[in-house]
Amino acid sequence: MKSRVLIILMAISIVFVEMTATLCAQGNQTTADAPGAKLAGNMVNRLETAKLTDEQIAEIKKLAAIFGPRAWQIRKPANITADQRSSMAKAREEGSTAGKSGAELTKHVHAAASLNDEQILALKEAGKVYREFQQKAFALLTNRQRKRAGISTDTESVKREKNTSKSRPKTNILPASQS
């Protein structure tokens with residue numbers, strides 16, 4: 001029953017997000033009030049060293065107008081309080097300085113903020129939306145811009161895959177010296 005309600009709410013929120021993005025694109029809102037304005041600003045600031053063109057910035061703002069409200073609609077029902085957000089930020093900073101990362105850091109942050117299962121699920125789902133936004137924003141960059149911003153290029157990840165595949169034998173045939 002809960003999953004059906006969640007699916008219905010997500011469908012409604014997607015329709016709402018699309019309508020909001022359309023209104024934003026038509027210029028019915030100022031840029032400060034536009035959905036995803038903070039998300040777009042954060043991404044543009046992060047990519048400042050990439051020297052984005054005006055067209056790329058405009059495209060990032062369009063993407064943020066779609067993905068920002070979508071993520072907010074997922075997080076909103078979880079009712080994460082201001083105290084929980086500040087606890088999460090403090091725990092993330094403390095955990096990072098203590099050398100924690102990945103899943104270990106995430107568990108530390110969730111425990112410090114006393115999040116319930118619904119809130120944790122909402123953060124995970126919103127994180128997926130943010131990652132999708134990030135991937136689409138990074139796809140707008142040239143390889144040169146990616147290198148300037150410190151983002152791995154496609155060719156670098158292919159090289160890494162090739163290097164790791166060489167360390168594994170392709171067949172079970174051993175060299176003559178090992179038989």
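These are my notebook entries on a predicted model of one protein chain.

**Ground rules**

I count residues from 1 along each chain as its sequence is written, and my side-chain values use heavy atoms, with hydrogens and water left out. Since the model is predicted, local features need pLDDT of at least 70 and side-chain atom pairs count only at pLDDT 80 or more, while totals for chains, interfaces and linings use all residues.

**Entry 1: the whole chain**

I started with the fold and found eight helices and zero strands. Helices (H or I, at least four residues) and strands (E, at least two) are DSSP runs, numbered from the N terminus. Read from that end, the order is α-α-α-α-α-α-α-α.

Next I looked up burial: 29% of the 179 residues count as buried. My cut-offs are under 20% relative accessible area for buried, over 50% for exposed, and partly exposed in between (1.4 Å probe, protein chains only).

The chain exposes about 12800 Å², and carbon and sulfur atoms supply 55% of that area. Accessible areas come from the Shrake-Rupley method with a 1.4 Å probe; for residues, only the protein chains shown count as cover.

I also checked contacts, meaning heavy atoms within 4.5 Å. Among contacts with a separation of 6 or more, 68% join residues 24 or more positions apart.

**Entry 2: the salt bridge**

How many salt bridges does a search of the whole structure find? I got one, taking a salt bridge as a side-chain nitrogen of Lys or Arg within 4 Å of a carboxyl oxygen of Asp or Glu. Side chains of opposite charge can pair when their charged atoms come close. Here the partners are Lys128 and Glu125, with their closest N and O atoms 3.3 Å apart. Both sit in helix H6 (residues 117–139), and because they are three residues apart there, about one helical turn separates them. Lys128 is partly exposed at 47% relative accessible area, and Glu125 is partly exposed at 27%.

I found it in the loop between helix H2 (37–46) and helix H3 (54–75). Is Lys51 buried or exposed? It counts as exposed, because its relative accessibility is 59%. Its phi is near 55°, a positive value in a residue other than glycine.

**Entry 3: Asn79**

Asn79 has a positive phi of about 50° although it is not a glycine. I located Asn79 in the loop between H3 and helix H4 (82–97), and it is exposed at 56% relative accessible area.

His110 belongs to helix H5 (residues 102–112). His110 is buried, because its relative accessible area is 14%. Which residues does His110 touch, not counting those up to four places away in sequence? I listed Leu115, Ile120 and Leu123.

Ile66 lies in helix H3 and is partly exposed at 25% relative accessible area.
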